[in-house]
Amino acid sequence: MGFRLKTSSNTKDIFEYLGTRTNLKPFVLSKIAISLSLKEEDDISNYVNDDINGFELNRQTITGQYDEVFKCLMEAKAGRYLSDDEYFPEYTKKHLDRGAEILKNLYDYRGNFERLFNSLLKGSEGI
């Protein structure tokens, strides 16, 4: 069972970009990114991103006290049981990297964090 994962360099760049504009740290951005990825209709198993040149994050930083909740959500999305090795780091990295791209696109579309945050609360990303 893994306790660390390496994000893609693109995710690192996105988190640095959003971090300077929103003052949010990677542990917050990662939870938002994973949540946005889980909302997508398509299956994450087809998402490929072998780049591991970004941030190194540990499991506790990403999922914290909600680790079991994140695992259950990913299993529900996958439609099957995920072993611990599949869940972390494999599926978590895929959702994190895909979600970071979605988050940046939403941020750029909304223009600022306040509008992005309000749209997320209302459930209307608008893209």
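From the N terminus on, the elements of the chain run β-α-α-β-α-α-α-α, giving 6 helices and 2 strands. Helices (H or I, at least four residues) and strands (E, at least two) are DSSP runs, numbered from the N terminus. This is a predicted model, in which local features need pLDDT of at least 70, side-chain atom pairs count only at pLDDT 80 or more, and totals for chains, interfaces and linings use all residues. Residues are numbered from 1 along each chain as its sequence is written, and side-chain values use heavy atoms, with hydrogens and water left out.

**Overall dimensions**
- The radius of gyration of the chain is 14 Å, which agrees with the value near 14 Å for a compact globule of 127 residues; the rule, over C-alpha atoms, is 2.2 Å times the number of residues to the power 0.38.
- Along the principal axes, the C-alpha atoms fill a box of roughly 40 × 30 × 30 Å.

**Burial and contacts**
- Of the 127 residues, 40% are buried (under 20% relative accessible area, 1.4 Å probe, protein chains only).
- Of the contacts (heavy atoms within 4.5 Å) between residues at least 6 apart in sequence, 76% join residues at least 24 apart.

**Thr-11**
- Thr-11 sits in helix 1 (residues 9-22) and counts as buried because its relative accessibility is 0%.
- Beyond its neighbours within four places in sequence, Thr-11 contacts Leu-96, Asp-97 and Ala-100.

Notes. Buried means under 20% relative accessible area, exposed over 50%, partly exposed in between (1.4 Å probe, protein chains only).
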